[in-house]
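Work through the following exercises with the structure open beside you, and try each task before reading its solution.

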Amino acid sequence: MSKIQLKNDSLAFSLYGAAHAVAKVKAGTALPQALAAVFARDNPLPQARGAIQDISYRTMRRLGQAEGLLGLLASKPPSPSELHGLLCCALALMLQTGDDAPYESFTVVDQAVTACAADPGMAHAKGMVNAVLRRFLRERDSLLQQAGKQPPGQWNYPTWWIDSVRSAYPSQWQAILSAGNSAPPLTLRVNRRKATVTEYLQTLEAHGMAATAIGPFAVRLERPLPVQQIPGFTEGVVSVQDAAAQLAAPLLDLQDGMRVLDACAAPGGKTGHILEQAAVDVTALDSDAHRLTRINENLQRLQLDATLLQGDAAQRDWWDGRLFDRILADVPCTASGIVRRHPDIRWLRRKADTAQLAALSTQILDNLWQMLQPDGKLLFVTCSLWPQESEAQAAAFAVRNDAIRLPAPGQLLPTAGQQEDHDGLFYALFQKSSV
């Protein structure tokens with residue numbers, strides 16, 4: 001860290017790193033890539049790395065509120081962008097009070113000022129940082145009330161996003177937005193080849209870990225843990241996968257010996273689940289070579305094999321001409337249904353993205369349909385909440401291709417309940433006529 005001298009284990013250090021990550025997201029970089037850049041530059045210790053990540057994700061979930069407050073507290077937009085990020089991070093940490101507060105508010109103020117003073121690009125504003133944050137503490141209730149008068153300040157989403165959810169789901173929009181603001185659970189998929197859910201719950205109990213079964217293969221841990229500490233993870237007994245995503249492989253109705261295409265396969269969670277379900281010949285396709293490496297790592301851990309191909313699912317140059325019995329098409333989308341896991345998405349997306357991604361998905365689905373055997377089945381999956389990318393897409397696809405639509409869950413809305421806890425995914429299953 002060339003510009004600052006902060007203790008690696010201090011909150012100031014973590015706030016400084018998170019401020020830079022938030023600034024990168026505001027400039028258009030996805031949060032995981034923003035964090036990777038910060039980690040590469042600062043080389044934080046594991047504890048600091050975890051704190052930087054935690055603060056960054058908290059801030060993304062509270063960004064509408066934090067920016068609304070900042071607009072009331074600062075006479076002009078803070079500059080540079082890292083200063084804006086620092087203030088948003090500090091305010092996000094101070095929004096939670098009581099037992100839920102990650103740090104004492106006065107500690108956040110002190111450490112934010114320390115982080116600001118240690119950077120030559122921000123040092124001029126340390127007095128402003130101190131004044132803004134202390135004023136928030138003094139006038140907290142009235143400021144929160146004022147910030148909440150604007151939709152982003154109340155719901156922590158862009159106004160267009162709130163309007164879109166409200167339009168699509170007039171009776172459920174508030175619950176959907178609230179679910180997207182909650183921290184996601186750590187849900188595991190039990191590998192049926194190695195254990196049953198009941199057996200794995202007993203293993204967790206023996207390790208003193210509380211968990212609940214929330215699906216045929218899904219187990220939700222009461223307390224999230226690093227994967228290396230999860231019993232059986234390294235040996236391939238379990239994988240991390242949301243409960244809604246675990247519905248894909250069973251819906252394919254797999255039989256031993258089938259040829260299966262997992263299109264847009266990265267990071268490989270569904271690929272692994274397909275291979276756990278039956279002895280099938282799987283081709284995992286993805287356009288990104290780096291993401292294919294991730295699929296390979298996951299399959300090695302599970303001790304399973306698939307043919308990995310780099311290729312564009314909207315094209316045919318990678319295809320050998322042999323038809324598939326089953327095709328899983330988890331198509332590109334706005335990812336509006338998984339914002340509790342990726343809270344930066346709401347700030348990175350634009351309303352126009354929906355139509356552009358729906359057009360790409362149309363091209364992919366029509367292309368893949370030509371690769372399906374007569375009587376074969378294609379499962380269309382998207383992690384979007386927008387009907388243009390989900391139900392409208394499915395209905396139009398069936399008409400264009402004279403596809404037989406089979407029973408499937410349709411639109412699953414994000415929910416965070418005791419027995420039901422999953423992201424927002426859409427499923428439509430189609431069968432090709434035998435003639």
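**Exercise 1.** Leaving aside its neighbours within four places in sequence, which residues is Leu133 in contact with?

*Solution.* Before starting, keep in mind that this is a predicted model, in which local features need pLDDT of at least 70, side-chain atom pairs count only at pLDDT 80 or more, and totals for chains, interfaces and linings use all residues. Residues are numbered from 1 along each chain as its sequence is written, and side-chain values use heavy atoms, with hydrogens and water left out. Contact means heavy atoms within 4.5 Å. With the neighbours within four places in sequence set aside, the contacts of Leu133 are Leu87, Ala90, Leu91, Met94, Val109 and Ala112.

**Exercise 2.** Find which members of the largest nonpolar core touch the most other members.

*Solution.* A nonpolar core is a set of buried Ala, Val, Leu, Ile, Met, Phe, Trp, Tyr and Cys residues joined through side-chain atoms within 4.5 Å, where buried means under 20% relative accessible area, exposed over 50% and partly exposed in between, for a 1.4 Å probe and protein chains only. The largest such core has 53 residues, and those that touch the most other members are Leu15, Leu69, Leu91, Val129, Leu133 and Phe136. Helices that each supply at least two residues of this core include α1 (11-26), α5 (81-95) and α7 (126-138). Another core, of 46 residues, lies apart from it, and Tyr169, Trp173, Leu177 and Ala335 are among its members.

**Exercise 3.** Describe how α3 and α5 are placed relative to each other.

*Solution.* Helices (H or I, at least four residues) and strands (E, at least two) are DSSP runs, numbered from the N terminus. Axes are lines fitted to C-alpha atoms, for helices over the stretch in contact, and angles run from 0 to 180 degrees between N-to-C directions. The axes of α3 and α5 come within 9 Å and cross at roughly 85°. That makes α3 roughly perpendicular to α5, a term that covers 65 to 115 degrees. Where the two helices meet, Ile55, Arg58 and Thr59 belong to α3, and Cys88, Cys89, Ala92 and Leu93 belong to α5.

Note on methods: Parallel < 35°, antiparallel > 145°, perpendicular 65-115°, else oblique.
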